[in-house]
Amino acid sequence: MIVKLKPGASERQINQLIHWIENQGMSVNFSKGENTTILGLIGDTAKVDDSLIRALDIVETVMRIQEPYKKVNRKFHPEDTIITLENGVQIGGGHFAIMAGPCSVESEEQVIETAKAVKASGATVLRGGAFKPRTSPYSFQGMGAEGISLLLKAKEVTGLPIVSEIMEPQQLKYFEHVDIIQVGARNMQNFELLKVLGVVDKPILLKRGLSATYEELLMSAEYIMAGGNKDVMLCERGIRTFETATRNTLDITAVPFLKERTHLPIIVDPSHSAGMYQMVRPLSLAATAAGVDGLIIEVHNDPANALCDGPQSLKPKSFDSTAKAIFKLREIMKDI
């Protein structure tokens, strides 16, 4: 249930209403925007008499909702969430970010060289994998804690905040200085991991599972937010379909659909979507035109010899031209 308050509601009146609701055995999600104040009632609202609340002077409207996700729901929080990183980089609410870097950290030279290149081209976040979930047990599994250390060196050199993937709660100790913690597609429904990340004071980049529905993605985000962490981003990275010509199929519909349903920033991963470097530029532009809040793109200084996902990684020069096209398209879209 959602209770929208009138603009003139005083703090005392609001607190009295919240106290009354909590005495009914429910919790309240309080959202105050520039022009709107909303109370989201979470719990068994079936026993609540709408007319009692609607009759209060400070109440404008009362609406029951059917969606099982509450905290991620735009009805509870009409204004876009803006995530601000420690260095001031913002994502969401009109603030656009490109996260770029190697799929996997392989050496100090590789990650620092790539970090310098993507920053020069306009990237505002450095991506890099240290712990790698791989389909084959014989594939490169990442450098682990050493990979995180190399990312932090690149951060020190370039000033770029970093995003890297976590696979299990026990790895959290290595992420103290990582700016954004990524949850990969295979862990989207690792609910114990999501619960742990719910009490972490860091932004979370949650990737959509290979065959996950929109509601399943939103419910996974709900797990994190239910723990108290409000800084969550959703990432569309392609889904598994009948098509075998590409690694996955980018569901571009996810961008406007999720924008309508949730206030959380939406990110698109064009690299994993097709698994082909030739597709990264057109998919990036398509996502940009759809209104995405950011892109996460794989860039490698030597893709032919990459230990992980070389075929879908851009060379720095290609990334530079792609980034220029993205920024140009965003400028054009301002007039549309």
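Helix α6, which spans residues 214-226, packs against helix α7, residues 254-261, at an angle of about 50°, and their axes lie 11 Å apart. Because of that angle, α6 counts as oblique to α7, a word used for whatever is left when angles under 35 degrees are called roughly parallel, over 145 roughly antiparallel and 65 to 115 roughly perpendicular. The axes are lines fitted to C-alpha atoms over the stretch in contact, with angles running from 0 to 180 degrees between N-to-C directions, and helices are DSSP runs (H or I, at least four residues) numbered from the N terminus. This is a predicted model, in which local features need pLDDT of at least 70 and side-chain atom pairs count only at pLDDT 80 or more, while totals for chains, interfaces and linings use all residues. Residues are numbered from 1 along each chain as its sequence is written, and side-chain values use heavy atoms, with hydrogens and water left out.

Where the two helices touch (heavy atoms within 4.5 Å), Tyr-214, Leu-217 and Leu-218 of α6 meet Ala-254, Phe-257, Leu-258 and Arg-261 of α7. The residues of this contact divide into six nonpolar, no polar and one charged; here Ala, Val, Leu, Ile, Met, Phe, Trp, Tyr, Cys and Pro count as nonpolar, Asp, Glu, Lys and Arg as charged, and the others, Gly among them, as polar.

Turning to the cysteines, the count of disulfides, meaning pairs of cysteine sulfur atoms within 2.5 Å, comes to zero. The sulfur of Cys-103 has its closest cysteine sulfur in Cys-308, at 3.0 Å, which is too far for a bond. Cys-103 counts as buried (under 20% relative accessible area, with a 1.4 Å probe and protein chains only) because its relative accessibility is 1%, and Cys-308, at 4%, counts as buried too.

Key: Buried < 20%, exposed > 50% of the residue type's maximum accessible area, 1.4 Å probe, protein only.
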